[in-house]
Amino acid sequence: MLTLLKLLQDGRFHSGQAIADALCISRNAVWKQIRRLEADLGIELNRVRGRGYQLASPLILLDDGVLCDKGLSDVWPFYIYESLDSTNAEATRLVAKGVEPPFLILAERQTSGRGRRGRVWQSPFGVNVYMSLVMRVQGGARQLEGLSLVVGLAVLRALRASGLAKAGLKWPNDILVQGKKIAGILLELTGDPADICHVVVGIGININMESESDIEQPWTSMKLELQRLIDRNEFVCELSRQLHGYLTRHAEVGFAALHEEWESNHLWQGCEVVLIAGTQRIEGLVLGVDRVGALRLSVSGREQLFSGGEISLRLCDDHRA
């Protein structure tokens, strides 16, 4: 199916006979592959008698040759999959098999993509970026302090470098554009955080997605914001360069050195929010983050610190809070 998609991704009409000749298969086999694209991958196609088949929406597939030419293999090794349950899950499996980090997992789609707090991350085929970076962390918990916030900075810089000037951060690890979510980050650890462990940095970014009915919160994509098709290969390379730079700096000097940069890009700085942790709801004013990335909240005039993966933050005027 990927071979067929690569043929169709130029956006032009291709006759059934031309496809059959190009793929060295029968016309009947072409028809079956077209049906599989629609049924299995959710790809929409235009059919016009006498002209053939055309993708309903333009598509730019991930391409290992293009990624290598653009320098991704100079940053770290990478693996591309047509379909995975989740890139984080595959990353963990490869670590268990002895694959040495750092390495990057990319997928055209996820069937069980995950966000924070057990939420589903919608992962349609070929339109967004679903990736996981695996790193080996040595030297104790200090190397993990503020790590998800640093990854958020790298994602933010990649988005802005691609033209999305209005993107900003939301604690702890979301990227928003005018109140709509465009990217999320999920960190998972294996091993001993006090000694040697592996960190799987999962990143999901809405790139060329234009419609999705199963997302419960306001969302947007690079294509919707910039009104043009985004080359996912170029974006993955830009994001990898930003990640490499920020993670190297974090490993050398810690989150404290990036603290001011993060706060200057935090969209909810100084805002009244509701913090939800399990059944607990706490209203307060966002003061910023501390030197290790914990949220500083003024609650009834007293500063309190909050951290942890099961915390949700909402603006006070958000009806979902």
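Biologist: In which strand is the place of Arg-314?

Modeller: Helices (H or I, at least four residues) and strands (E, at least two) are DSSP runs, numbered from the N terminus. This is a predicted model in which local features need pLDDT of at least 70, side-chain atom pairs count only at pLDDT 80 or more, and totals for chains, interfaces and linings use all residues. Residues are numbered from 1 along each chain as its sequence is written, and side-chain values use heavy atoms, with hydrogens and water left out. On that numbering, Arg-314 lies within residues 311-315, which form strand β14.

Biologist: Is Arg-314 buried or exposed?

Modeller: Buried means under 20% relative accessible area, exposed over 50%, and partly exposed in between (1.4 Å probe, protein chains only). Because the relative accessible area of Arg-314 is 9%, this residue is buried.

Biologist: Which side chain makes a polar contact with the side chain of Arg-314?

Modeller: A polar contact is a pair of N or O atoms within 3.5 Å; within protein, one must be able to donate a hydrogen and the other to accept it, and residues adjacent in sequence count only if both atoms are side-chain atoms. At 3.3 Å, the partner of the Arg-314 side chain is the side chain of Ser-312.

Biologist: Which residues of strand β7 point the other way from Asp-174 and Leu-176?

Modeller: In a regular strand the side chains alternate between the two faces of the sheet. In β7 (residues 174-177), Asp-174 and Leu-176 point one way, and the buried residues pointing the other way are Ile-175 and Val-177.

Biologist: In β8, what is the bridge partner of Leu-176?

Modeller: Two strands pair if DSSP finds at least two bridges between them, and β7 pairs with strand β8 (residues 180-191) in the antiparallel sense over 4 bridges. In β8, Leu-176 has as its bridge partner Lys-181.
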